[in-house]
Amino acid sequence: MINYNDFAKVELKVGTVLSADKIDKSDKLLKLMVDIGEAEPRQILAGIAQFYTPEEFVGQQIIVVANLEPRPMMGTVSMGMLLAADDTNGPVILQPKKPVPPGTKVR
């Protein structure tokens, strides 16, 4: 259990995926460029390539943990994390029910 103050530190935002590509030499990683309402898009690496194609993401909105420390992976850096539910058939990407502006906070 965590208290509310700890949970409030997590910055969740809606992002719009601008581009998506497979990472060379990785069967698991996709590189997403995501607009989360900042001056530059965020590069987010996600271990979902076994379940989703890059084309499925472009133009889609996702929920992003925006205040994680950058994490080096496969010679590049991930600047956030997308949220997904665990299902027996693989991850299910969490998305807003209707479009909202990139950078909208999730509460």
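A residue is called buried when its relative accessible area is under 20%, exposed when that area is over 50%, and partly exposed in between, using a 1.4 Å probe and protein chains only. At 14% relative accessibility, Arg42 therefore counts as buried.

The model is predicted: local features need pLDDT of at least 70, side-chain atom pairs count only at pLDDT 80 or more, and totals for chains, interfaces and linings use all residues. Residues are numbered from 1 along each chain as its sequence is written, and side-chain values use heavy atoms, with hydrogens and water left out.

**Sheet**

Helices (H or I, at least four residues) and strands (E, at least two) are DSSP runs, numbered from the N terminus. Two strands count as paired if DSSP finds at least two bridges between them. Strands of a sheet pair through backbone hydrogen bonds, either parallel or antiparallel.

Strand 1 (residues 12-22) and strand 2 (residues 30-35) run antiparallel and are joined by 6 bridges. Within strand 2, Val34 stands opposite Val17. Strand 1 is also joined to strand 4, by 5 bridges in antiparallel direction, and Val14 stands opposite Ile63 of strand 4. Strand 4 in turn runs antiparallel to strand 7, with 2 bridges between them; here Val65 stands opposite Met81.

**Strand 4 and Gln61**

Strand 4 is largely enclosed by the rest of the structure, because 5 of its 5 residues are buried. Gln61, Ile63 and Val65 point one way from the strand, while Ile62 and Val64 point the other way.

Gln61 lies in strand 4 (residues 61-65). Its relative accessible area is 11%, so Gln61 is buried. The side chain of Gln61 makes a polar contact of 3.1 Å with that of Thr16. A polar contact is a pair of N or O atoms within 3.5 Å; within protein, one must be able to donate a hydrogen and the other to accept it, and residues adjacent in sequence count only if both atoms are side-chain atoms. Contact in general means heavy atoms within 4.5 Å. Not counting residues up to four places away in sequence, Gln61 touches residues including Val14, Gly15, Leu94, Gln95 and Lys98, and also Pro96, Pro99, Pro101 and Pro102.

**Salt bridges**

A salt bridge is a side-chain nitrogen of Lys or Arg within 4 Å of a carboxyl oxygen of Asp or Glu. By this rule there are 3 salt bridges.

| Asp6 | Lys9 | 3.6 Å |

Asp6 is partly exposed at 33%, whereas Lys9 is exposed at 58%. Glu38 is partly exposed, with a relative accessible area of 33%.

**Surface patch**

Ile2, Tyr4 and Phe7 form a nonpolar surface patch with about 390 Å² of accessible area together. Patches are made of residues with over 30% relative accessible area and no salt bridge, like charges being joined within 9 Å and nonpolar side chains (Val, Leu, Ile, Met, Phe, Trp, Tyr) within 5 Å. Accessible areas come from the Shrake-Rupley method with a 1.4 Å probe; for residues, only the protein chains shown count as cover. Ile2 is in the segment before helix 1 (4-8) and, at 61% relative accessibility, counts as exposed.
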